[in-house]
Amino acid sequence: MSPEQAKAARELLAFYLEAGADALLGEEPINRLAEPEPESRPARPMVRDLRPAPHHEAPRNDVSRNLQRTPPRPEEPAGGGRLEGPAAPAVPEAAIMDARAQARAAASLEELRGILDKFEGCELKRHAKQLVFADGNPQARLMFVGEAPGRDEDLEGLPFVGRSGKLLDLMIKAIGLDRTQVYIANIIPWRPPGNRTPTPQESQICLPFIQRQIELVDPDVLVCLGGPSSQTLLGFTDGIMKTRGRWLAYDTGTRQIRAIPTLHPAYLLRQPLHKRLAWRDFLAIKKALA
């Protein structure tokens, strides 16, 4: 390997580590576009998919079957994953309905956290180190919601404590506030393995809990950090660059909260020139709180 190639490899590894990809999933690369070899049985995959497949899912092609195995039974945790409490519901719809019922039953943030501690309907819980519930002041007028915790958040049990969290602190400070005056949470309270993107199924299972969390905090302004949070909570289908800075009404069922999507701090670390756009959004937030 030439010095230039070695330098490029080190920079690539540094980028992956910064993005949270700190887990090696396989010793050998997998060509997922190659035609499957004719065999009497599917080849053993390098990575297991532990998510239960919905019964209404369309049949997968041969390549997909070669890359996915049946989830382990509850008495056989895979990869050293923890096994606590009852097994997760096999049918995703059942997990979503269970989440809705349990979230509605929470009369306070303390009860909601206790319910999430015992909830077994989301497979992500089995791989995360701990629940990342929230941080800040439950009586705050301003609430931030991101998508999911990263490595640092999983270790500390608090949202936005890594590099992106430090940037968020600076952004909050720029409008005259700090963490004791805001409330911060995520749609998904458990870190996805390797910081991968949560699946739509995982987001839908966790959605009732963040919705109930917003109702209980009852802020005056709700800020959705990044595209996934904006799409999940505000129903956007366009990308964040088209939707950021737009005021909408978030309906809790009892009142409407002013809501605005803005750029995620992790994105701003990669695209610092776009901080000026986020600054405009935060000035609008400051004005709305005045």
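Guide: This is a predicted model. A place to begin is Phe119, which is buried, as is Phe209.

Visitor: What makes Phe119 and Phe209 an edge-to-face pair?

Guide: The ring centres of Phe119 and Phe209 are 5.0 Å apart and the planes stand at 70 degrees. Rings pair if their centres lie within 6.5 Å, and planes over 60 degrees apart count as edge-to-face.

Visitor: Which parts does the pair of Phe119 and Phe209 tie together?

Guide: Phe119 is in the loop between helix 4 (109-118) and strand 1 (134-136), and Phe209 is in helix 7, so the pair links parts 90 residues apart in sequence.

Visitor: Why is the pair of Phe144 and Phe282 called stacked?

Guide: Phe144 and Phe282 have 20 degrees between their planes and 5.9 Å from centre to centre. Planes under 30 degrees apart count as stacked, and the centres must lie within 6.5 Å, so the label follows. Phe144 belongs to strand 2 (residues 142-146) and Phe282 to helix 11 (residues 275-289), so parts 138 residues apart in sequence are tied together.

Visitor: How do you know whether Phe144 and Phe282 are buried or exposed?

Guide: Buried means under 20% relative accessible area. Phe144 has 0% relative accessibility, so it counts as buried. Phe282 has 1%, so Phe282 counts as buried too.

Visitor: What makes the charged end of Arg258 count as sitting over the ring of Trp247?

Guide: The charged end of Arg258 is 4.2 Å from the centre of the Trp247 ring. The distance cut-off is 6 Å, and the charge must also be within 35 degrees of the ring normal. The charged end of Arg258 is listed as sitting over the ring of Trp247.

Visitor: Why are helix 4 and helix 7 called roughly antiparallel?

Guide: Their axes cross at roughly 165 degrees and come within 10 Å. Angles over 145 degrees count as roughly antiparallel, so helix 4 and helix 7 get that label. The crossing is left-handed. Leu109, Leu112, Ile115 and Leu116 of helix 4 meet residues of helix 7 including Phe209 and Gln213.

Visitor: What is the relation of helix 3 to helix 7, and how do you know?

Guide: Helix 3 (residues 92-105) packs on helix 7 at an angle of about 10 degrees, the axes being 8 Å apart. Angles under 35 degrees count as roughly parallel, so helix 3 and helix 7 are roughly parallel. Among the residues in the contact are Ala95 and Ala99 of helix 3 and Ile205 and Phe209 of helix 7.

Visitor: How do you know whether Gln213 is buried or exposed?

Guide: Gln213 has 3% relative accessibility, and buried means under 20%, so Gln213 counts as buried. Gln213 lies in helix 7 (residues 200-217). Leaving out residues up to four places away in sequence, Gln213 touches Leu109, Leu112, Phe133, Ala134, Met143, Tyr183 and Ala185.

Visitor: What makes Asp218 partly exposed?

Guide: Asp218 has 36% relative accessibility. Buried means under 20% and exposed over 50%, so Asp218 falls in between and counts as partly exposed. Asp218 is in the loop between helix 7 and strand 4 (221-225). Asp218 has a positive phi of about 55 degrees although it is not a glycine.

Visitor: Why is Phe160 called buried?

Guide: The relative accessible area of Phe160 is 4%, and the limit is under 20%, so Phe160 is buried. Phe160 is in the loop between helix 5 (151-156) and helix 6 (163-174).

Technical notes:
Residues are numbered from 1 along each chain as its sequence is written. This is a predicted model: local features need pLDDT of at least 70, side-chain atom pairs count only at pLDDT 80 or more; totals for chains, interfaces and linings use all residues. Side-chain values use heavy atoms; hydrogens and water are left out. Helices (H or I, at least four residues) and strands (E, at least two) are DSSP runs, numbered from the N terminus. Buried means under 20% relative accessible area, exposed over 50%, partly exposed in between (1.4 Å probe, protein chains only). Contact means heavy atoms within 4.5 Å. Rings of Phe, Tyr and Trp (its six-membered ring) pair if their centres lie within 6.5 Å; planes under 30 degrees apart count as stacked, over 60 as edge-to-face and the rest as tilted. Axes are lines fitted to C-alpha atoms, for helices over the stretch in contact, and angles run from 0 to 180 degrees between N-to-C directions. Angles under 35 degrees count as roughly parallel, over 145 as roughly antiparallel, 65 to 115 as roughly perpendicular and the rest as oblique. A crossing is left-handed if the near helix is turned anticlockwise from the far one by less than a right angle, and right-handed if clockwise.
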